[in-house]
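Good morning, and thank you for coming. I ask you to keep the sequence and the structure in view while I speak.

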Amino acid sequence: MSPSGGVTRNTLRQQIADALRDEVLAGRLPPGREFTVKQIAEQYGVSATPVREALFDLSAQGLLVSDQHRGFQVREFTVADYRAMAEARVLVVEGLFRNPEGVAVRPEGLVSIRRRAAEAVRAAKGGDLDVLIGYDLRFWRELGQFVLNPYIADFLTRLRVQAWVFAVHRLRRDGMDEDVLWFGHEELVEAISRNDHDQVHAAMHSYYAHALAWADRLEARAAEGDAPGPSEAAGAAGAAGASEAAETGTAPEAAAAPEAAAAPEAAAAPEAPGPCA
């Protein structure tokens, strides 16, 4: 497929980045998976330039690791990385809501955020991981729009995406339950709507406690020697596939790897800013 006159290089760059990020979030590109600019360009039928730019964009977001000689690799986040992500998010969000000048809550924006919160909780309780990821990312992204500092908002967005990249394979392997997942989306948005700093604090510490408890269990399993590595977990993930819903940001089910990825125009653009994870 060649870019038509109406499709600019920047559009292709974003489409390719969106499609690959969706593949990672859906668990179809496992941690450690390697690929080159040439492989992706040939699969999508585009020139190397927008592919290279898209891959460097994803590297800048912390989702890929680039190597001058081996190309690109999906980043493998450790349990220690995940702990640090959870801690950073809690500290930043709490700090924002202790500083009234850092956040501007718009009541009209809360309508959509409440809907995202309710759908995320429903998906979590129903065990639909793909739908949960889509709604959860939208929830945190839309909350991030209340943050007046765009650099902080972008930082929170990237943290949440990275947390899901860490979590997705493990959740497909181990399943989702109330001991792992955090169901506090609705409580958090209500506390924010009331400008109740104490309840915001309580909701974020509930989130943090769930994240740390899960990290503890993962470390205990690894110490016992029965936790599969990321690539093994990804094998189980591939069988699960992705149930694409209209409001999720996940990619279509067709692809299992770059060799089988859908064309950029067909890929659903993620709505990413953000336990379950």
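This is a predicted model: local features need pLDDT of at least 70, side-chain atom pairs count only at pLDDT 80 or more; totals for chains, interfaces and linings use all residues.

Let me begin with helix α3, which lies across β1, β2 and β3 and runs at about 120° to β2. Helices (H or I, at least four residues) and strands (E, at least two) are DSSP runs, numbered from the N terminus. Contact means heavy atoms within 4.5 Å. For the angle, axes are lines fitted to C-alpha atoms, for helices over the stretch in contact, and angles run from 0 to 180 degrees between N-to-C directions.

Residues are numbered from 1 along each chain as its sequence is written, and side-chain values use heavy atoms, with hydrogens and water left out.

Now to the sheet itself. In what order do the three strands stand? The order is β1-β3-β2, in an open sheet with antiparallel pairing. At the edges stand β1 (34–35) and β2 (64–67), each with a single partner strand, so one side of each has no neighbour in the sheet. Two strands count as paired if DSSP finds at least two bridges between them. Between β2 and the antiparallel strand β3 (residues 71–74) there are four bridges. Val65, for example, has Gln73 in β3 as its bridge partner. In general, strands of a sheet pair through backbone hydrogen bonds, either parallel or antiparallel.

I turn next to salt bridges, each defined as a side-chain nitrogen of Lys or Arg within 4 Å of a carboxyl oxygen of Asp or Glu. How many salt bridges does this rule give? The count is 18.

Glu53 is buried, at a relative accessible area of 17%, whereas Arg13 is partly exposed, at 26%. Here buried means under 20% relative accessible area, exposed over 50%, and partly exposed in between (1.4 Å probe, protein chains only). Arg13 and Glu53 also belong to a network of salt bridges with Asp57.

A second salt bridge joins the side chains of Arg83 and Glu219 at 2.9 Å, N to O. Arg83 lies in helix α4 (residues 79–98) and Glu219 in helix α9 (residues 197–224), so the parts tied together are 136 residues apart in sequence. Arg83 is partly exposed, at 21%, and Glu219 is partly exposed, at 37%.

Helix α4 also holds Ala88, which counts as partly exposed at 22% relative accessibility. Leaving aside neighbours within four places in sequence, Ala88 is in contact with Phe155 and Leu159.

Is Glu142 buried or exposed? Glu142 is buried, with a relative accessible area of 9%, and Arg116 is buried at 7%. As for α6, 15 of its 16 residues are buried, so this helix is largely enclosed by the rest of the structure.
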